[in-house]
Structure formats: structure tokens, C-alpha cells
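Please look at the sequence and structure below before reading on.

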Number of protein chains: 2
Amino acid sequence: MKSLSSLELLSEALRRLPGVGPKSAQRMAYHLLQHDREGAAMIGRAMNNAVEKIKNCISCNTFTENQQCETCLDTERDASKLCVVETPTDQLMIEQTLTYKGLYFVLMGRLSPLDGVGPKDIHLDRLITRATDGVVKEVVLATNFTNEGEATAHYIGETLKARGLGVTRLARGVPVGGELEYVDAGTIARAMLDRRAT
Amino acid sequence: MKSLSSLELLSEALRRLPGVGPKSAQRMAYHLLQHDREGAAMIGRAMNNAVEKIKNCISCNTFTENQQCETCLDTERDASKLCVVETPTDQLMIEQTLTYKGLYFVLMGRLSPLDGVGPKDIHLDRLITRATDGVVKEVVLATNFTNEGEATAHYIGETLKARGLGVTRLARGVPVGGELEYVDAGTIARAMLDRRAT
């Protein structure tokens, strides 16, 4: 059997999805064409639509269909605070806590020299411009507490502090509901060092 | 942050891919939009193109862009033999052995009552029509040797034998290069029962 070009093209294209290799791509193509043509058409439409419409917010860099996202356009928010997160999902998690009413900057990644991700790839120049607009007083670093996230926070923190901005980091410590017996030593050490008067 | 409709639509659509849940779908959407817009556009185009162009071969049921696939149109092939496989990949595997020069019928699935896959879903009526065209003399059952594949072969075999067709099944036995010590007992039992004079 000689493979068919439209089918080959589809399998090749599906391999561009993260975590999808040649076998999965072929399985996906077969499944959609045989059992879910409606789903295939839906993916095709949604993909073209997204590529055409979704841009990055000129202020906070998150995904938006307009020049600025709704969060940045919200005049109720405290423009003196700027929270730096890695992804839109992280921003959503913070929003759900209802503890922060400032604005955001979404890096869309983290520093990772081994993967070739440098300051340019996390839009550090735009973050500096944004943070030094004269209105922002405090930058809250809310990157992940992984090695890469910590390194990113450190790098951004130093850069912004050198420009006279107040820089804070989410607190590290024992998670709510955590039992000391089951918490790793690193976390307890951090919680001890950062202990607070009650 | 209120999620964006084009982005939500894309995540929803990607969930139609087999094995992709809400988290993976979102990760895929973010990745494509942030780091691989060209890939996203490629998937969109390939998907629409495939949905539009790819049909099932009217003879063997495999994917094709024409009425009949190239294999079925090949007049060099022995039309008295019809090999029944589960998927186009299985057909390709058999083609690569260069041991079979007949035609094929691709079920695009296997009987699986627990998943609601019945004889209609594997196009059994079309297979019967195809196999009883007066030219086909032997039907080679090459479904997988899994429980479902075996049940499918048994069901199709009985149905076709009742119509007077010669029905064969791929041989079961010890794989080439297999050491008895590491082959499962079921396979050795089968190889013993099917032993051949040398």
C-alpha cells in the first residue's frame, strides 16, 4: 500500500503537537477520519480561527483577541502592583484565590538555558519597560517554585531591583493542611527560616 | 482572567483527539500559539484538507483520495485472494513481508461488544458482498491475535465459510528468533498443536 498524501500530511502536521510522536499522530489521524470527522473539522476550524485571531496582549503578554486583554483594561485593578507569572494558567490560579487585585505580566515560559530559553524568550525587555512605567511600585514574582522558576524569579528580581522597584516573592512554607511528617525537609527548612511572629 | 473564546474553542476541539484530556489540550493550545504558529496553521490546513479529500475505498474500505485505492486498482494482484486486516497499518505490515500478492479488506476496527462495536461497525455486510463477488476463492484472516481480534476472525470466518468460501488464518506459533524459555505457554501450546511435518 502506498500511503496517501493527504493522510501523510495530516500525520506529519499532528506531530507538531507537543508530546505526539509518529505512532500517536497516525493513530489520531486514523481515529478522526474513521470515527470522528466532525471532530476533525472542528479542530481544523478552531486551529485556523485561533491562529488568525489570537495575539499577545501588548501590556501583559497573555493571549487575547484584542490589543489588550480584559484584565489589563479593567480600571478597577491596582495598577501599582504587577504580578509576574509563567503561564496564563498560573494567572488563573492566582485570580481564583481572590487575594490579588493588581495587574499581571505573563512570561509565557521560564528561563531554561539548557533548552535554549534565554531572557529574550521570556520577553524580559518588555517586562522591564512595563514595570518601569512609573505607576508600578511592587513587582510580585509568582513563577513556579521549581529550579527553573526560582532561577527566573531571581534573575528578574535582581534586574528590577537594580531599577529601584520593590520586588516580592510568593511565600514558601508548609502547604495548608500539610502534616510535617509528610512534608519534605527542604520545605520545612524554608518554613523555619521564614518563620513569622504571630 | 476571563478565558478567551477562540482559545477555549481550540482547547475544546483538541480534546476530540484520542487520549487528550483537558490539561493536555490546553498545553497543546498554549504551545502552538506561543511557540509554533506555523505548526498550528499546518495542522489547520492538513485537517481541513483531509476531511475534504479522504474517503474510504469502495472496494477495500481503506483510506483513499479516490473512489478506489491504488492497491485495489493494481491489476497485477491476485484477485482470488482477499486478506482481512483491522487497520491500514496492519495492511502495510503485511505488504512489507512481500509474501502476499492478493487484495485486502480493511475493517477499520475489530468486534468489541463491550465498547459497542458490532458487525455493522466493521462493515461486515460490505465484506460479505466483496468476498462473494465470484472471483475471491480464499479469505485470509489477518486480524490481531488479541482476544478481540481472534473473536473477530472467528465471527467473520464462520460467516464466510457458511457462504462456501475458503477461509484461512495467519499461522500461530513461536516467533522467529524466539527462545522457548522466554515464550509464553499459550504460544508454545499453540505451536505444538499446529506442528508441521518438515
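## Domains of chain A

Chain A of this predicted model is assigned two stretches: domain 1 covers 6-53, and domain 2 covers 60-169. These bounds come from an automatic or database domain assignment. The centres of the two domains of chain A, taken over C-alpha atoms, lie 33 Å apart.

## Conventions

Residues are numbered from 1 along each chain as its sequence is written, while chains are lettered from A and ligands numbered from 1 in the order in which they are written. Because the model is predicted, local features need pLDDT of at least 70 and side-chain atom pairs count only at pLDDT 80 or more, whereas totals for chains, interfaces and linings use all residues; side-chain values use heavy atoms, without hydrogens and water.

## Confidence

The mean pLDDT (the predictor's confidence in each residue, from 0 to 100) of chain A is 91, and 98% of the residues reach at least 70. Within chain A, strand β4 (residues 102-106) has the highest confidence, 96, and helix α8 (residues 185-193) the lowest, a mean of 85. Helices (H or I, at least four residues) and strands (E, at least two) are DSSP runs, numbered from the N terminus. For the model, ipTM is 0.78 and pTM is 0.76.

## Cysteines

How many disulfides does a search of the whole structure find? Over all chains the number is zero, a disulfide being a pair of cysteine sulfur atoms within 2.5 Å.

For C57(A), the closest cysteine sulfur belongs to C72(A) and is 3.8 Å away, too far for a bond. C57(A) is buried, at 0% relative accessibility. Buried means under 20% relative accessible area, exposed over 50%, and partly exposed in between (1.4 Å probe, protein chains only).

For C72(B), the closest cysteine sulfur is in C69(B), at 3.7 Å, so it is too far for a bond. C72(B) is buried, with 14% relative accessible area.
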